[in-house]
Amino acid sequence: MSAPSDAMVEIRSVHKRFGSLEVLRGIDLSVRPGEVTVVIGPSGSGKSTLLRTINHLEKVDRGWISVDGTLVGYRRDGNKLYELREREVLRQRTKIGFVFQNFNLFPHLTVLENIIEAPVSALRRPRKEAVAAAEKLLDRVGLADKAAAYPGQLSGGQQQRVAIARALALEPRLLLFDEPTSALDPELVGEVLDVIKDLAHGGTTMIVVTHEIGFAREVADTVVFMDEGRIVEQGPPADVLDRPTQERTRAFLSKVL
Amino acid sequence: MSLTSDPPIDPPTEPATGPPTGPSTGPSTDPPVDPPAAKAAGPGADHEALTVVPVRHPWRWVAIAATAVLLAQFLNGLITNPGWEWDVFAQFFTAPTILKAVWITLQLTFYGTAIGFALGVVLAFMRLSASAFLRTVAYGYIWAFRSIPLIVQLLFWFNLAYLYKELQFGIPFGPGFFSFDTMNLVGATSAAVLGLALHQAAYAAEIVRGGVLAVDSGQLEAASALGIPRFRQLRRIVLPQAMRSILPNAANEIISLFKGTSIVSVMAIGELFYQVQVVYGRNGRVVPLLMVATVWYILLTTALSVLQHYVERHYAKGAVR
Ligand SMILES: Nc1ncnc2c1ncn2[C@@H]1O[C@H](COP(=O)(O)OP(=O)(O)OP(=O)(O)O)[C@@H](O)[C@H]1O
Ligand SMILES: [Mg+2]
C-alpha cells in the first residue's frame, strides 16, 4: 500500500455506495504538493462525495485515501485497516480545510469567533495568538473591518471569504473546495475566485470542485473530469478542456462552455 | 462560464404612470361612469398634489367603545363589590405563611425545571443517538411519562415506601454496600420534586430534541470538518442555535410547571395553593384567598415572561430574524 510517495493526496480504488446507488466506482487520483486539482463533471457524478471522503465526512466502502502520508480515517496493522476513533479523525481533519458550497458559517458567532473557534478548541492555541492570526487572515481575504460582524450581516461573497479564512486558520496542508461559488450571485463570484487564485499562486495544495471552467483553465494544474462515479479523463487543462479524448468529456464541455 | 454569460437585463424601473383610478384602468375598456375624475388623476395630473385618504372603519370604533364599557364595568365591579373583600386580601397577601408557601412553590418549580431539563437533555441525545437500544429506552421513558397523569404519578411516588421498603446501593443484583429507608429518603417534598422533574423530563426531552433537529445539519458538518471536539460541537455550535427554538417552548413548560405545582397540594405539601386552602378552610374567606394565590401566580408568571424576553434576546445574537 502507501509506498512512500511524493503525493500530498493519494486516492486508491475508492468505492462508495449509498444504499443501492454506487456513487464512487473505483477512483484513483494523486495530487502533488502545491498542485491545484480542479474536478468537473455533471450533477450527481460523485464530485462532492469524493471530496467528502478525503476528510472522512463520508466513509469509503473500499479502497483507501492518504493525505500527507497518513491514512485518512484508518490505522493499518498488517493486512487490516482499523477504523480510528472520532477524536483521532477530528485531529486528522484539522490538517484538511474544507470550504462548503453554502459557507456553513456559525451564525451565532461573530466573524472573528468563527475563525478562532477551531484553532482554540481543536489545536488548543492561546486565544490571543489565535485572534492575531485571525486578523491577519481577515486582512488577507480583504475583510479586516468585518471582524465584529455576524455572518448574517455579510454578503454571500463576504461570507464565503470568511469561510475560507476560517479553513485557513488551522494552517491545513490541503484545502478542499466544494463548489465555493455556486451559491453566489454572479457579480460576487469574482471576489471569491480571486481569493482562491491568490492561495493557488501562494502554493497551497487544493482540490476544487467547480463549474467555473474559466477558473479551471486559469488556475488548475490538473483537471479531472468525473462521470457516473468514475474519473473519465484527467490531465492539464489545455488537454482536458481543449482537446478532450473522451466523447463524454466533449459532450459535457459542449454543454457548459 | 457564468462570468461570461449574458449581462443581467435591467428591468424597467420607471413607475407606472399615475395611481390606478378605479376598476376601469384597462386600455380597452368602455368609458367609465365617471370620466372626469379618471382624467384628473391620469397621466398629466400633478402627482405632488395627490393626497392619500385612508379607509374609514366606523365599526371598529363601535367595537372599541363596547369593549371599553365592558372593561370599565368589570373593573368597577372588582373595586366596589364587597364580595371581593380586598381588606382580607391585603391582610393575607404578604402574610408570613403565604410568603413561605410562595417560596416552596418557587423551589418546587426550580428543582422540577432544573432536574427535569437536565434529564431531558440526556433523553433528547439518547433519542438522537446512533444506538437503537438507547433510542428505544428514551422513547419508552417519554411514552410512559407522557401517558401517566401527573397527579397519578405523584401519588405513586408519595407511596413509594409502600412499594420498596429500602433502597440499596451496591453491585447490580449483587451484594449491597449501604441502604436507605425509603420512608426517610423520599419525604413528601422530595417525592413531589421527583414526580414533577420526571414528568417534566419527558416533555423537556422532546423540546430539546426538536431544537437540535432544527439546527441545520451543515453546522455540525462544518464543525466536524474543522476538527472541533465532539462535546464542544454540541455545547458551542449546536445548543446555542437550538436554544432559539427551545426557549419559547421551554418557557411555556416552566410556566405551566410553575402553576402545575398546585397539583402537589394533594400531597399536603405547604405550597401556595395548599396554604391558601388551609387558610380559607379556617376562616371561610374563600374568594379573597383565591385572589391572593391568583395574584401571586400572575406576578411570578409575569416575572418569568420578562426573564424569557431577556434570555431570548441573548440567544438571538447574530440572527437576522
Ligand atoms: N448521504 C447520501 N445519501 C444518499 N444518497 C446520496 C447521499 N449523498 C449523495 N448521494 C447521491 O450520490 C450521488 C452523487 O452525489 P454528489 O453530491 O457526490 O454529486 P455531485 O457530483 O457533487 O453533484 P452536484 O454537481 O449536483 O453537486 C447523487 O445521486 C446523490 O443523490
Ligand atoms: Mg456536489
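**Entry 1: the shell around the ligand.** I started by sorting the residues of the shell around ligand 1 by class, and I got four nonpolar, seven polar and two charged. A reminder to myself: this is a predicted model.

Next I asked which residues come nearest to ligand 1. Of the 13 residues around ligand 1, the nearest are A:Ser43, A:Gly44, A:Lys47, A:Ser48 and A:Thr49.

I then looked up where the shell comes from in the fold. Two elements of chain A, strand 2 (21-31) and helix 1 (47-54), each supply at least two residues of the shell around ligand 1. Helix 1 of chain A gives the most, with three residues.

- For A:Thr49, I found an N or O atom of the side chain 2.6 Å from an oxygen atom of ligand 1.
- For A:Gly44, the backbone is involved: one of its N or O atoms lies 2.8 Å from an oxygen atom of ligand 1.
- For A:Glu179, a polar side-chain atom sits 3.1 Å from an oxygen atom of ligand 1.

**Entry 2: the largest pocket.** The largest pocket holds about 790 Å³. I counted 27 residues in its lining, and those nearest the centre are A:Glu86, B:Leu220, B:Ser224, B:Arg230 and B:Gln233. I see both chain A and chain B among these names.

Which elements give two or more residues to this lining? From chain A I noted helix 2 (86-93), and from chain B helix 9 (188-214), helix 10 (217-225) and helix 11 (230-260). Helix 10 of chain B gives the most, with five residues. By class, I have twelve nonpolar, six polar and nine charged residues in the lining of the largest pocket.

**Entry 3: chain A as a whole.** I finished by stepping back to the fold. Chain A has nine helices and twelve strands. Its radius of gyration is 18 Å, close to the 18 Å that the globule rule gives for 257 residues, so I can call chain A as compact as a globular protein of that length. I also noted the span of its C-alpha trace along the principal axes, which is about 50 × 50 × 35 Å.

Methods: Residues numbered from 1 in each chain as written. Chains lettered and ligands numbered in written order. Predicted model: local features only at pLDDT ≥ 70, side-chain atom pairs only at ≥ 80, totals over all residues. Heavy atoms only, no water. Near = heavy atom within 4 Å. Polar contact = N/O pair within 3.5 Å; in protein donor to acceptor, adjacent residues only side chain to side chain. Helix = DSSP H or I, 4+ residues; strand = E, 2+ residues; numbered from the N terminus. Nonpolar A, V, L, I, M, F, W, Y, C, P; charged D, E, K, R; others polar. 1 Å grid on protein atoms, 1.4 Å probe; cavity = no way out; pocket = protein on both sides within 12 Å on 5 of 7 lines; lining within 4 Å. Points joined across faces, edges and corners; volume = space filled by probe spheres on them. Rg over C-alpha atoms; globule rule 2.2 N^0.38 Å.
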